[in-house]
Amino acid sequence: MNHEVYMARALQLAARGIYSTSPNPRVGCVIVNNGEIVGEGWHQKAGEPHAEVHALRMAGERARGATAYVTLEPCSHYGRTPPCALGLINAGVARVVGACSDPNPQVAGKGFAMLRDAGIEVIESCMSAQAETINSGFMKRMRTGLPLVRIKLAQSLDGRTAMASGESQWITGAAARSDVQRLRARSCAIITGADSVLLDNPSMTVRPAETGVELEARLWRQPLRVIVDGQLRVGNNARLLQAEGDILIASTRQPGAPLLRPANSGALNYWLSPEVEQVPHVDLTALLRHLGSIGINEVLVESGARLAGAFIEQGLIDELVVYTAPTMLGSDARPLVQLPLTRMAEQLRWRWQDVRMVGDDLRLTLVPSCGDKH
């Protein structure tokens, strides 16, 4: 049996959950009996049935003696749903082919062990690299406690992001802006800085109609929006506060009075950062650790040059996405990031991951060179 063919289909199904499963992983399942796919499913939303449940329901009695292909080790514990490993056992499948094990300490090999103890043949590591990529943020959080951090920047051909006055709309075209909407939609949290809020007054929301993605209305969600505002400079007139979705303000100061939000628009919480070397700046590493502790798998940083530079300088970025427009803004325009580098020996090197056209703009995707944090 060609396991890769059916696992590839399971991975396609798992990818459907990119925008909706947070904080859970994206998982797909295919059940095959006598060379025929008799059941398939994907995990759609946290708290709802897992991929295996959907696939087993579709297969019915034809699951008995079949092979189940699962992109992540079946869970073995009771959470908001029963263990999927137990569901596969009760359905009478003969074999389970898994792409990769689940690093969640509540699972971590226990699911595969439960299946083997029940007499089911288990084959592991089928297309594991592809499965890891689909859940890169979940995998990192489970292994390190930190979310995957992706930073998005838009620049002109001469590496500028805005005119000296701060005017910046629009450098890139509509296709690139739609692509950014998809980056937001897949993220569990979006981080921006007080400077960006005060200068651009963005809403930082996901606008489903602009993503070009077909998804049931009930599956769309707004990422947590995080404002790094060490000195609590953002006021009640910020558009971000008026838009739907939860907000977290990361600061070094206790608020005198919480900011105001419209009724039923979402929660507003504050996170107090420890001071860094007695300077009242938000500790970005501590902030990321806090976000990991509340189930944030992927973070998108959309900010000005100063905060973006701080994330890069501190080696906190896993992936850099730069949209480059075929235009020039001139030498007086604002730079892409602020980095206090003075010697060639201090340069920060990156490795190309992907380069492609998005409309009339060029999207560059890079990761830290040599897999380390500079």
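Reader: Where does asparagine 135 lie?

Author: Asparagine 135 lies in the loop between α5 (128-134) and α6 (136-144). Helices are DSSP runs of H or I with at least four residues, strands are runs of E with at least two, and both are numbered from the N terminus. This is a predicted model, in which local features need pLDDT of at least 70 and side-chain atom pairs count only at pLDDT 80 or more, while totals for chains, interfaces and linings use all residues. Residues are numbered from 1 along each chain as its sequence is written, and side-chain values use heavy atoms, with hydrogens and water left out.

Reader: Why is asparagine 135 called buried?

Author: Buried means under 20% relative accessible area, exposed means over 50%, and partly exposed is in between (1.4 Å probe, protein chains only). Asparagine 135 has a relative accessible area of 4%, so it is buried.

Reader: Which residues does asparagine 135 touch, not counting residues up to four places away in sequence?

Author: With those neighbours left out, asparagine 135 touches Pro25 and Arg26. A contact means heavy atoms within 4.5 Å.

Reader: Which residues carry the UniProt feature "binding site"?

Author: The unreviewed UniProt entry places this feature at Ser168, Arg184, Arg207 and Glu302. UniProt positions are given in the numbering used here, feature names are shortened, and annotations may be inferred rather than shown by experiment.

Reader: What makes glutamate 302 count as buried?

Author: Its relative accessibility is 6%, and therefore glutamate 302 counts as buried. Glutamate 302 lies in the loop between β12 (298-301) and α12 (305-313). Not counting residues up to four places away in sequence, glutamate 302 touches several residues, among them Lys152, Val180 and Arg184.

Reader: What makes a polar contact between the side chains of glutamate 302 and arginine 184?

Author: A polar contact is a pair of N or O atoms within 3.5 Å; within protein, one must be able to donate a hydrogen and the other to accept it, and residues adjacent in sequence count only if both atoms are side-chain atoms. The side chains of glutamate 302 and arginine 184 make such a contact at 2.7 Å.

Reader: Which residue does the UniProt annotation "active site" cover?

Author: According to the unreviewed UniProt entry, the annotation covers Glu52. Glutamate 52 lies in helix α2 (residues 51-59). At 3% relative accessibility, glutamate 52 counts as buried. Its contacts, not counting residues up to four places away in sequence, include Cys29 and Val70.

Reader: How do you know that strand β1 is largely enclosed by the rest of the structure?

Author: Six of the six residues of β1 (residues 28-33) are buried, so β1 is largely enclosed. Gly28, Val30 and Val32 point one way, Cys29, Ile31 and Asn33 the other way, and all are buried. In a regular strand the side chains alternate between the two faces of the sheet.

Reader: Which strands does β1 pair with?

Author: Two strands pair if DSSP finds at least two bridges between them. β1 and strand β2 (residues 36-42) are antiparallel, with six bridges. Four bridges join β1 to the antiparallel strand β3 (residues 67-70). Cysteine 29 stands opposite valine 70 in β3, and valine 32 has isoleucine 37 in β2 as its bridge partner.

Reader: How many helices and strands does the protein have?

Author: The protein has 12 helices and 16 strands. Buried residues make up 52% of its 374 residues.
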